[in-house]
Amino acid sequence: MTTRDLIPVDRNLALELVRVTEAAALASARWIGRGDKNAADGAAVDAMRKAFDTVAIEGTVVIGEGEMDEAPMLYIGEKIGLGGPKVDIAVDPLEGTSICASGGPGSIATLAVAEHGGFLHAPDIYMDKIAVGPGLPAGVVDLDAAPGENLRELARAKKCEINDLVVCILGRDRHKDIIRACREAGARIMLIPDGDVSGLIAVSQPEAGVDLYLGSGGAPEGVLSAAALRCIGGQMQGRLLYEDDSQIQRARDMGITDPNKKFAVDEMARGDVMFAATGITTGPLLKGVRRNATAGYTHSIIMRSKTGTVRYIEAHHNFALKPSAFAG
Ligand SMILES: O=P(O)(O)OC[C@H]1O[C@](O)(COP(=O)(O)O)[C@@H](O)[C@@H]1O
């Protein structure tokens, strides 16, 4: 299959993908604030898996819920869809499990689709990440540069003071040196408790007020973020971080020949890419689910790298008329 094979179905496919993230969001929304992140995650996975069964693709999960023996559904290598164009799928049915369980802001259901072979096959380990929004000189920031240097270059490119810049960082002890360096350079910090996909996408959304994303988080989330930035614009680099030799071997087994490579955004998500997400709890990117016993409301984004179109979709769901797979 080539890019051309996607064309006859792509407009429908965009809507179909949103139906899949909506299903996951509606299902996990029943668990918002109930303190059980595994139940919330399980509900999202189950609903997303069922929804994929109605989508006209021949999909292979390449970023998923783990290996077949540890994940009953949406495991890496699982074939999904009704049949159709051959695509690779990256999923995170509930990005921000702890956020959802505590009723905090910014959990989403998300997925991305690429032509076969389009996604970096990233193991479920950490990745060091840096990102800035669109319209800046190529290479304005670099993963290997010190935070202060990146902030100086970014301020120069944006023709502003470092104090005008906001850096989004996951609030983790491992980031204390980065946080200190950014503050010493004069930048302001937006610490997020979880959910770095939303944090990374925020650099491309002027209204989010984030100029730079820094720090480490999940590698699968890195690939999903790269898919989003391919569509919406922006620069991102990621490098896998290893805790032991078995993780290096795991990366090699997944086809990564240079384990220390610094991946650019289009090396993590290549070719024609679509990215979809639905808000579960309200955050900077999307409004959260509102639902009662009979009806629900969802807010989603769907975008495509080939056309650069970004669509926001508000949906009102009538559970009385909707198949159970979509009622959650
Ligand atoms: O919590 P850690 O170990 O720092 O990992 C960071 C990762 O966890 C998250 O914050 C949330 O991931 P989950 O949805 O799997 O809980 C991701 O967005 C991020 O990439």
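Biologist: In which sense do strand S9 and S10 pair?

Modeller: This is a predicted model: local features need pLDDT of at least 70, side-chain atom pairs count only at pLDDT 80 or more, and totals for chains, interfaces and linings use all residues. Residues are numbered from 1 along each chain as its sequence is written. Strands (E, at least two residues) and helices (H or I, at least four) are DSSP runs, numbered from the N terminus. Two strands pair if DSSP finds at least two bridges between them. S9 (residues 235-241) and S10 have two bridges, and their sense is antiparallel.

Biologist: Which residue stands opposite Phe 263?

Modeller: Phe 263 sits in S10. Its opposite residue is Gly 238.

Biologist: Are H5 and H6 oblique or roughly parallel to each other?

Modeller: Axes are lines fitted to C-alpha atoms, for helices over the stretch in contact, and angles run from 0 to 180 degrees between N-to-C directions. H5 (residues 147-158) and H6 (residues 176-185) pack at about 45 degrees, with axes 8 Å apart. Under 35 degrees counts as roughly parallel, over 145 as roughly antiparallel, 65 to 115 as roughly perpendicular and the rest as oblique. H5 and H6 are therefore oblique.

Biologist: Which residues come nearest the ligand?

Modeller: A residue is near a molecule if its C-beta atom, placed from the backbone, lies within 6 Å of it. There are 14 residues around the ligand. The nearest are Thr 97, Asp 194, Gly 217, Gly 218 and Glu 221.
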